[in-house]
Amino acid sequence: MKINGVFIEDTFAEAFPMKATRLVITAFDATWANHAANALTGFATSVIACGCEAGIERQLRPSETPDGRPGVSVLLFAMSNKELTKQLQNRVGQCVLTAPSSACYGGLDEGDPLPLGKALRFFGDGYQISKKLGRTRYWRVPVMDGEFLCEDTTRVTKAVGGGNFLILAADQARVLAASERAIAAMRKIPGVIMPFPGGVVRSGSKVGSKYKALPASTNHRYCPTLRGIVADSALSAEIGAVLEIVIDGLSSAAIDEATRVGIRAACTLGTKCGPLAISAGNYGGSLGPFHFKLRQILK
Amino acid sequence: MSTLGLHLAAAPDFDLDMRGVTPDALKSRKLNDIRRLRLKQGRRDIALGELFEIDGAPGADILEITGACPRLHHLGAGMTVGELRVTGDCGAWLGAEMRGGRLLVRGNAGDGVGAGMRNGLIDVSGSIGDFAGAAVPGAVSGMKGGTILVGRHAGRRVGDRMRRGLVVVAGDAGAGCGSQMIAGSIVVLGTTGPDLGAGMRRGTIALFGAPSDLGVNFLPNGRYELAFTQLLLRHVASLKPAWRARLSRVASVERWVGDAGASGLGEILFIS
């Protein structure tokens, strides 16, 4: 299969189940909402060492937020409810509560509740105010610029982490151009994040390592500098650089759509200016139960 | 959804206690049982069928009472689910100790609307009497949850001793609005009378316009742009879209705290 001359390998991306929540962060203006959201989603590229994977889903207009101010929708993914709870408390407590003029709300309607303001309210030292509007409880915590308003809980849902595809190109310039085009298109898809820097990861990994302490190590089959050294290199002679786009989604359908849109956008550059081939990271079924078959998605 | 209708043919000579005439209580009864239901009328009781014409099917989720008059007390009291629609004026204790469901009144209501209620929605298109959302006789605190929406004016001591929940008055509220509030929220779109928030311990009273008639026990706390105010008013607007235009004019809030004679943690927000 080829799209605009770009070869689509007959393979699949392998993903695994995660737990996720959506937060809505609002502030005095979009700049301050983004400061809070960027801090919250910082150092959240991979559960391997960050505890969670997080990213900005999209910008929200004032009419889309609970308090009518500009906002940002953020998704957080973790391997368990317990870890997600810990990450929420640390990240919202240190990055949103601290951000001037910010407020934080749960962004999902269904799922089990996880504590949000319920835990952070104690910062108010007894001066916090509980408010219940409808079925939702909020906490008003006094801070130096007024109040930090935070919903009592946020909902957790089953999600999918580790959806991916690989962009194979002749050199760094071409692979970066294709990746940027893919990410720009994928950021319009609701319910997904691409948690790595700029949405792209260069250090794609495989499960396990020759060193017993490491759970993951470099995906040697896709490292161009190991071509000719390792026996099972997946790269042909013309490939000089490979980048991976990792996708976490609230559903497998959302990852399907992001994969489709991202690959098609990358391929619009053609083989001359963009990728030579598209592949995906799979581990023979050992990593997770969700398989995203590239050719099927792109039909 | 199906509807069961009760039409009051003529106003009764004595006050009538309507406790037990709720959508949830009547849902499992047959029509003959509903006709035979005994209603307290002073020291006597009387069959519902002697006063009301009944139409519709039993098992309905919606109960509609038409031709209501101020002699009908405790309408919707203690209801838990379903919808009760009332056309006409109601007596006292409308929706008292309500646990859930929706109680919609096209008309006015007497004293004690939503007293001691814990959940659900009461929406009165007209005016109501005193002590809305307050405590039922013998209780320590007033409403503990739910929402009361008043289309026109409310009498004295709205939300007296209320602990949780929301009362919104689109018109004016009488003297002692929010008196002895323990917590919860009251929003008044019109004016309020004297003794506003007297003895309130916690809770929020949100008003439109400049501060006036506050007792010495309330202290100015500053002017803020509180996200909570927007949240509160947007919540009210979601319950009553017709009020949206009146609720959207928020620039900032002048906050007063008190009653210093109680715990002093209550707040009165003047929205302008």
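The questions and answers that follow concern a predicted model.

Me: How are H4(A) and H5(A) oriented to each other?
Reply: The axes of helix H4 (residues 172-186) of chain A and helix H5 (residues 252-267) of chain A come within 7 Å and cross at roughly 140 degrees. Angles over 145 degrees would count as roughly antiparallel and 65 to 115 as roughly perpendicular, and H4(A) and H5(A) are therefore oblique.

Me: Into which classes do the residues of the contact of H4(A) with H5(A) divide?
Reply: H4(A) contributes residues including Ala178(A), Ala182(A) and Arg181(A), while H5(A) contributes, among them, Val261(A), Gly262(A) and Ile263(A). Divided by class, the residues of this contact are ten nonpolar, two polar and one charged.

Me: Which elements give two or more residues to the side of chain A that touches chain B?
Reply: The contact between the chains takes 15 residues from chain A and twelve residues from chain B. On the side of chain A, the residues are five nonpolar, four polar and six charged. The elements that give two or more of them are strands E8 (129-133), E9 (136-143) and E10 (146-151) of chain A.

Me: Which residue is the bridge partner of Thr147(B) in E12(B)?
Reply: Strand E11 (residues 144-150) of chain B has six of its seven residues buried, and four bridges join E11(B) to strand E10 (residues 121-124) of chain B in a parallel run. Five bridges also join E11(B) to strand E12 (residues 164-169) of chain B, again running parallel. In E12(B), the partner of Thr147(B) is Leu166(B).

Methods
Residues are numbered from 1 along each chain as its sequence is written. Chains are lettered from A and ligands numbered from 1 in the order in which they are written. This is a predicted model: local features need pLDDT of at least 70, side-chain atom pairs count only at pLDDT 80 or more; totals for chains, interfaces and linings use all residues. Axes are lines fitted to C-alpha atoms, for helices over the stretch in contact, and angles run from 0 to 180 degrees between N-to-C directions. Angles under 35 degrees count as roughly parallel, over 145 as roughly antiparallel, 65 to 115 as roughly perpendicular and the rest as oblique. Two residues are in contact if their C-beta atoms, placed from the backbone, lie within 7 Å. Ala, Val, Leu, Ile, Met, Phe, Trp, Tyr, Cys and Pro count as nonpolar, Asp, Glu, Lys and Arg as charged, and the others, Gly among them, as polar. A residue is buried if 20 or more other C-beta atoms lie within 10 Å of its own, exposed if 12 or fewer, and partly exposed in between; C-beta atoms are placed from the backbone. Two strands pair if DSSP finds at least two bridges between them.
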